[in-house]
Protein chains: 2
Amino acid sequence: MSSWYDNCGFDNEIVISTRIRLARNLSSLPFPSIMTAEQNEQLKQKVKEAIAGSNTPFAKTLKYIDMSAVPKNEINAMVERHIISPEFSKKAEGKALVISDDESISIMIGEEDHIRIQIILGGLQLEKAYAIIEQLDSILDASLHFAFDENLGYLTECPTNLGTGLRASVMMHLPISERTGEISRISENVSKIGFTVRGTYGEGTKAAASLYQISNQVTLGISEKNALDNLKIIATGILEKEKAAREGLDKITLEDSVFRTLGTLKNARILNSDEMIGLLSMIKLGTSMGILNREINPIKLLIEEKPYMLMKKHGEVSPSERDILRAADIREALKEF
Amino acid sequence: MSSWYDNCGFDNEIVISTRIRLARNLSSLPFPSIMTAEQNEQLKQKVKEAIAGSNTPFAKTLKYIDMSAVPKNEINAMVERHIISPEFSKKAEGKALVISDDESISIMIGEEDHIRIQIILGGLQLEKAYAIIEQLDSILDASLHFAFDENLGYLTECPTNLGTGLRASVMMHLPISERTGEISRISENVSKIGFTVRGTYGEGTKAAASLYQISNQVTLGISEKNALDNLKIIATGILEKEKAAREGLDKITLEDSVFRTLGTLKNARILNSDEMIGLLSMIKLGTSMGILNREINPIKLLIEEKPYMLMKKHGEVSPSERDILRAADIREALKEF
């Protein structure tokens, strides 16, 4: 079964992924924070039936999962694959999740809001992601009747989501903008127009992944289309800046760094998660710039070798055993390159 | 043409090489520091004739080289191969050198003393080295008549060489004794009995080679045999300590370090001499301990990729070009491993 990260970066080497989520609540039930156990059961039942009853081919591809039946390690692995939020994972007992086969679509039932719909796709695909989420939103709204106010828009548990309830983000790989300090300037500028730039993975450690998430903060008084258009313009601008900065790199110095990193990954016997992230970031730069074979997918490796994802494959092991297995997995994955 | 370092370490993984030198002076001429140009010519002529006239098969394998005819870069490369001293290289103009095909035998004419005979062999071979140097000493003494005093022994320019005029040393690879601090203790102990331990290559830099030279300091009031026997006992003791310390290493951690280092050397595009030395030291530990293929000869690489040795192969190039060529040479040398 292919995942969103199987294809990330092939069509777009700097934008890794696109994510959109909608926050929705049923007008017939109180917000999750004050729901009774019985109301929680009703909520899950209603969502399950809404999907089963929609009779669209699209809805038939979705699978309903009772989170109480999912082992703790697999729940953590879902967080690592970005298909559920860390918050949802911590209170998963009694909750439910709807996902598509490739996990690009996920619906958390009973997160902060009754429903959190998420679409995650590889590369920069805001239009496609929005088309899917809009369709799903309509299917669900037809039977669930989402709480909506003419002035405020969609009603949400937290006021910061009022309005469109839409949060869109793109994850970008920006090693050179990071090195030049351009990231800080970008972050400052976009915050003035309602967007944020946030580092993901290993930020604050020496071996950062240079992965940044750019997302809209404003959901009120703005249309979905406007929010997405603005995000696309911002992401494209950042992308062009990163590309231009890469052009200025010294070729042999860059090749040296990239190949040394490949050498380390192809030979290490012990590899912790933090170090792996930093090394794979350099590999990503190498594949993007055509120095390394583009069939290497460092983002896929990065996700599949996270602690719980690794234990899905190898069973419950200690952190030090994980570091040894991780090194072996990565040597195997890279042996042909 | 094979060199002393072609076979170093195959029979003995910790002792890299054995070196013996004899300081000798002709009673018929003043010491080099006060010789006239004419006397210098006489000295060279006498040594040349002593070898040519000895009529032994052994002496016939030796080649007389007029140092004035040797390009400066090649003179520096000779220092890098350890066949002449740095001091001799700096005042080589007008001097002469006698060497064997494999360069294991070299005779500097007009270094600090009239004659400095050196034997350098791979591994721990004190007896063999002494047998060769003794034979050569006899051949030369037969016609040159070395200055000798019944009480003081062989007379030398510097009083520290009076007596036997013999300095014997073994170069040992001691990465673990270095790491544990054992080296300092050894150094302190052997100094009390007239021996010194000195780091070679990159000491003081972070990327030391962990190569140490253990040599006798006392030449007066002691026989050649005693000096060599003591050195052998000391070297064997240090070797056993290093071996024992290696037994205690964590296998996977060591493998991780060794293979990462191999990965770096097989992939780097820029490699300066200091870094190379540190990396090859780890490779040497890897080959010694059977982690890497023993056909890798890191000491040979270390010598052949020194700046002037590298320029022997690639011509006169800048330091930054050297670092690129060095990386390429080493990738090529290690590609099968």
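**Close-up views of a predicted two-chain model**

**View 1. The contact between chain A and chain B.** In chain A, 16 residues are in contact (heavy atoms within 4.5 Å) with 16 residues of chain B. This is a predicted model, in which local features need pLDDT of at least 70 and side-chain atom pairs count only at pLDDT 80 or more, while totals for chains, interfaces and linings use all residues. Residues are numbered from 1 along each chain as its sequence is written, chains are lettered from A in the order in which they are written, and side-chain values use heavy atoms, without hydrogens and water. The two chains bury about 1,400 Å² between them, 60% of it on carbon and sulfur atoms; buried area is the accessible area (1.4 Å probe) lost on putting two parts together, summed over both. A:R260, A:N267 and A:R269 supply 41% of the area that chain A buries against chain B.

**View 2. A salt bridge between the chains.** A:R260 forms a salt bridge with B:E275, with the closest N and O atoms 2.6 Å apart. A salt bridge places a side-chain nitrogen of Lys or Arg within 4 Å of a carboxyl oxygen of Asp or Glu. The count between chain A and chain B is two salt bridges.

**View 3. The open sheet of chain A.** Eight strands (DSSP runs of E, at least two residues) follow the order β2-β3-β4-β5-β1-β8-β10-β9, with antiparallel pairing; strands pair if DSSP finds at least two bridges between them. The edge strands are β2 (62-66) and β9 (195-200) of chain A. Strands β4 (residues 105-109) and β5 (residues 115-122) of chain A pair over five bridges, and A:S106 stands opposite A:Q118 in β5(A).

How values were computed. Helices (H or I, at least four residues) and strands (E, at least two) are DSSP runs, numbered from the N terminus.
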